[in-house]
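I opened this model to go through a few places in the chain one by one. My entries follow in the order I made them.

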Amino acid sequence: MAPDNQEGGPTVATPVRSGVPRPGRNPAFPLPSSPGASQEEIRRQNLGAVLRHVHVHGPTSRAELTTRLGLNRSTIGALAADLAATGLVTEEAPTTARRAGRPSLVVSPRSDRVYAHALSIEADRLRAARIGLGGRILDLREAGRPCGMSALDAVGPLADLVRDMERSVAADAVFVGGAVAVADTTRDPDGRIRIGGADEALGAALGAELAAGPGFVAADMADIAGLAEHVRGVAAGVDDFVYLHGDLGVSAGIIIGGRLVVGHRGHSGKVGHMVVNRDGLPCGCGSRGCWETEIGEAALLRHAGRDPAERAAVAEVLRAAADAEPTARAAVQQVADWLGFGVANLVNVVNPDTVVFGGYLREVFAAGADTVRRRLDEMALPASREHVRLQAAALGRDAPLIGAAELAFDKLLADPLNAGVAGQPGTGQADAPA
């Protein structure tokens with residue numbers, strides 16, 4: 001029977017914006033109940049609301065959950081008890097009591113028991129993490145990605161990393177699924193840039209390689225890193241923002257009204273291929289003067305007099321610029337000026353509240369923020385620029401992994417009692433703890 005309010009009718013928790021914005025779905029949790037929703041449907045939504053709150057915000061007392069979710073104490077108590085009985089949360093007395101009377105139990109996510117696999121196929125490396133409910137990274141492995149390795153070719157090495165992590169997982173741990181973030185630009189062995197990205201075949205290949213469990217979702221690196229910043233980073237609580245990710249190429253995760261804009265078959269956000277300089281350099285996409293030819297890593301290296309293919313030198317140039325070395329400083333400022341040029345166009349089109357700079361662009365923005373802002377002020381419409389905030393990403397290199405985990409946890413958070421598989425992916429059965 002569903003928990004009731006004090007008048008005896010079923011109650012749905014008041015929406016609180018903190019969830020993962022999926023395509024076509026309001027990120028507020030829980031979703032409003034439809035007219036005529038059964039008590040079981042309402043109960044499921046309320047269970048998801050409680051679990052999502054402690055997943056995003058961490059250990060929370062029953063009293064605070066009552067206030068935040070708009071449910072009465074007995075309802076919160078019943079929901080928390082149900083989640084604890086299934087091993088998704090724990091309930092413990094607070095370590096310090098701040099007032100007289102019986103203390104409110106603290107509800108905490110079971111990070112040690114409930115987990116997702118988060119993978120990333122980056123421009124020059126492969127990473128795999130086991131991330132617990134609540135967003136805690138429990139284990140992390142990585143390997144190099146040779147030039148010319150396609151995303152599908154990366155499935156085997158990624159699966160090896162996952163199987164290596166699984167050796168230390170307890171037999172009763174619950175695996176809820178996985179997701180992989182994919183960079184949309186790679187380099188062939190001959191040095192040429194290749195434009196690619198995530199597709200359904202990649203998720204299917206990972207699911208086949210790691211046969212146990214709910215399977216894998218594949219998505220663009222910028223989209224997933226943007227989701228991470230929306231849930232746990234500098235854009236938490238911001239419903240309209242653009243996340244810019246830079247490495248070999250440049251792409252964007254765009255969230256409008258709390259929803260991720262993915263476009264046809266998930267290929268939106270290729271802002272690096274906006275043409276900004278028709279007399280500029282040829283781009284790997286076949287066009288000329290694309291934005292990423294002016295602000296990508298190769299552009300910075302070119303302006304600094306370095307080999308554009310020498311990715312390891314990017315950090316050296318940025319350090320030299322921070323030390324006021326003239327050539328490096330001039331290179332960063334030139335890239336920052338073009339960065340502001342493109343941001344001004346995006347601000348005029350999207351009208352976001354915030355623009356977040358991630359990947360390599362985080363360091364460019366940190367070094368050239370005044371130049372970016374000056375160009376933005378020159379070009380963007382006053383109604384669009386006056387309120388917009390420019391922010392360096394908070395989650396760093398782990399943003400794609402954190403965002404991938406959020407995608408993987410989404411089914412569990414929507415229906416906490418009917419998601420997850422006990423046992424190890426890749427074996428199809430539970431093994432003894434290592």
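Entry 1, A328. I looked up what A328 touches and, leaving out residues up to four places away in sequence, I found V317, A320 and A321; contact here means heavy atoms within 4.5 Å. A328 lies in helix 10. Helices (H or I, at least four residues) and strands (E, at least two) are DSSP runs, numbered from the N terminus. A328 and V317 are 11 residues apart in sequence, and I noted 5.5 Å between them in space, C-alpha to C-alpha. With a relative accessible area of 4%, A328 is buried. I use buried for under 20% relative accessible area, exposed for over 50% and partly exposed for what is in between (1.4 Å probe, protein chains only).

A note on the source: this is a predicted model, in which local features need pLDDT of at least 70 and side-chain atom pairs count only at pLDDT 80 or more, while totals for chains, interfaces and linings use all residues. Residues are numbered from 1 along each chain as its sequence is written, and side-chain values use heavy atoms, with hydrogens and water left out.

Which residues of helix 9 are buried? In helix 9, residues 313-322, I list A313, V314, V317, L318 and A321 as buried. They are on the same side of helix 9 because they cover an arc of only 140° around the axis, the arc being that of the directions from the helix axis to the C-beta atoms. An α-helix has 3.6 residues a turn, so residues three or four places apart point the same way. On the other side of helix 9, I found R319 and A322 exposed. The cover over the buried residues of helix 9 includes helix 8 (297-303), helix 10 (326-350) and helix 11 (360-379).

A324 follows helix 9 and is found in the loop between helix 9 and helix 10. Its phi is positive, about 70°, although A324 is not a glycine. A324 counts as partly exposed, at 47% relative accessibility. I then turned to N351, in the loop between helix 10 and strand 16. N351 is not a glycine either, and has a positive phi of about 55°. I put N351 down as partly exposed, with a relative accessible area of 36%.

On a 1 Å grid over the protein atoms alone, a pocket is an open set of points where a 1.4 Å probe fits, with protein on both sides within 12 Å along at least five of seven lines; lining residues have an atom within 4 Å of a point. The second largest pocket holds about 600 Å³ of space, a volume being the space filled by probe spheres set on the points, which are joined across faces, edges and corners. Two or more lining residues each come from strand 13 (241-246), helix 9, strand 16 (354-359), helix 11 and helix 13 (399-414). Which element gives the most to this lining? Helix 9 does, with 4 residues. I count 26 lining residues in the record of this pocket, and R125, E297, R311, G359 and Y360 lie nearest its centre. By class, the lining has 11 nonpolar, 5 polar and 10 charged residues. Ala, Val, Leu, Ile, Met, Phe, Trp, Tyr, Cys and Pro count as nonpolar, Asp, Glu, Lys and Arg as charged, and the others, Gly among them, as polar.

G289 lies in the loop between strand 15 (259-260) and helix 7 (291-295). I found G289 buried, with a relative accessible area of 0%. Not counting residues up to four places away in sequence, G289 touches M274, V275, V276, N277, G280 and L281. G203 sits in helix 5 (residues 200-209) and is buried, with a relative accessible area of 8%. With the residues up to four places away left out again, G203 touches F216 and A218.

I located Y115 in strand 6 (residues 114-121). Is Y115 buried or exposed? Y115 is buried, with a relative accessible area of 0%. Y115 and A405 are 290 residues apart in sequence and 8.5 Å apart in space, C-alpha to C-alpha.

I noted 13 helices and 18 strands. Of the 434 residues of the chain, 50% count as buried.
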